[in-house]
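Reader: I have a structure to go through with you. Let us take it one question at a time.

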Amino acid sequence: MSDDRYPLHPVGRVESPLTDPGAAPKQGDEGAPEAWLVFAEAYAPALDGVRPGADALVLTWLDRARRDVLAVHPRGDESRPRTGVFATRSPHRPNPVGLHRVRILQVDGVRVRVADLEAVDGTPVLDLKPVLDGER
């Protein structure tokens, strides 16, 4: 493989009551609290059209994850066979990009309150995308 570089620049950060990755829910629908996505002021125009009630996909950079892990016991359950990370939702992977389906609750300037976000406080936000009709 080539040594191409693809720089990513966070557009914001997560503000959440979750501070310990080990204690955070594994998925958003497993009891994740409401949280805020706080975008840099430069990205305010990008939030035009983001509305409460919509479902969205948040892409994050899981900055506390390990990048040298290629196989895990799914969900940390050692009774399950080791599985390649590309077949799991493990945060530990070569490029720790987080994908979170959330519901938009409120938009206040560059702050967007969401439900069901399992990302911990301070996690960099890379992007926000609407869920399209018919998307699973």
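Reader: Does T60 count as buried or exposed?

Author: This is a predicted model, and the answer rests on computed accessibility. Buried means under 20% relative accessible area. The value for T60 is 0%, so T60 counts as buried.

Reader: In which strand does T60 lie?

Author: The chain has eight strands and zero helices. One of the strands spans residues 55-61. T60 lies in that strand, β3.

Reader: With which side chain does the side chain of T60 make a polar contact?

Author: Leaving aside neighbours within four places in sequence, T60 is in contact with residues including P96, V97, G98 and H100. Contacts of T60 also include T123, P124, V125 and L126. The polar contact, at 2.7 Å, joins the side chain of T60 to the side chain of H100.

Reader: In what order do the six strands close into a barrel?

Author: Along the sequence, the pattern is β-β-β-β-β-β-β-β. Six strands close into a barrel, and the pairing is antiparallel. The order is β1-β2-β7-β6-β3-β8.

Reader: What does the twist average from one strand to the next?

Author: The barrel order is β1-β2-β7-β6-β3-β8. From one strand to the next, the twist averages 45°.

Reader: How many bridges join β1 to β2?

Author: Strand β1 covers residues 12-15, and β2 covers residues 35-39. The two run antiparallel. G12 stands opposite F39, and V14 stands opposite L37. The bridges joining β1 to β2 number four.

Reader: Which residue in β8 does R13 stand opposite?

Author: Strand β8 spans residues 124-130 and runs antiparallel to β1. Two bridges join β1 to β8. The residue in β8 opposite R13 is P124.

Reader: Which residue lies over the face of W36?

Author: The structure holds zero aromatic pairs. A charge does sit over the ring of W36, at 4.4 Å from the ring centre. That residue is R111.

Reader: What share of contacts between residues at least 6 apart in sequence join residues at least 24 apart?

Author: The chain has 136 residues, and buried residues make up 35% of them. For contacts between residues at least 6 apart in sequence, the share joining residues at least 24 apart is 73%.

Technical notes. Residues are numbered from 1 along each chain as its sequence is written. This is a predicted model: local features need pLDDT of at least 70, side-chain atom pairs count only at pLDDT 80 or more; totals for chains, interfaces and linings use all residues. Side-chain values use heavy atoms; hydrogens and water are left out. Rings of Phe, Tyr and Trp (its six-membered ring) pair if their centres lie within 6.5 Å; planes under 30 degrees apart count as stacked, over 60 as edge-to-face and the rest as tilted. A charge sits over a ring if NZ of Lys or CZ of Arg is within 6 Å of the ring centre and within 35 degrees of the ring normal. Two strands pair if DSSP finds at least two bridges between them. Axes are lines fitted to C-alpha atoms, for helices over the stretch in contact, and angles run from 0 to 180 degrees between N-to-C directions. Buried means under 20% relative accessible area, exposed over 50%, partly exposed in between (1.4 Å probe, protein chains only). A polar contact is a pair of N or O atoms within 3.5 Å; within protein, one must be able to donate a hydrogen and the other to accept it, and residues adjacent in sequence count only if both atoms are side-chain atoms. Contact means heavy atoms within 4.5 Å.
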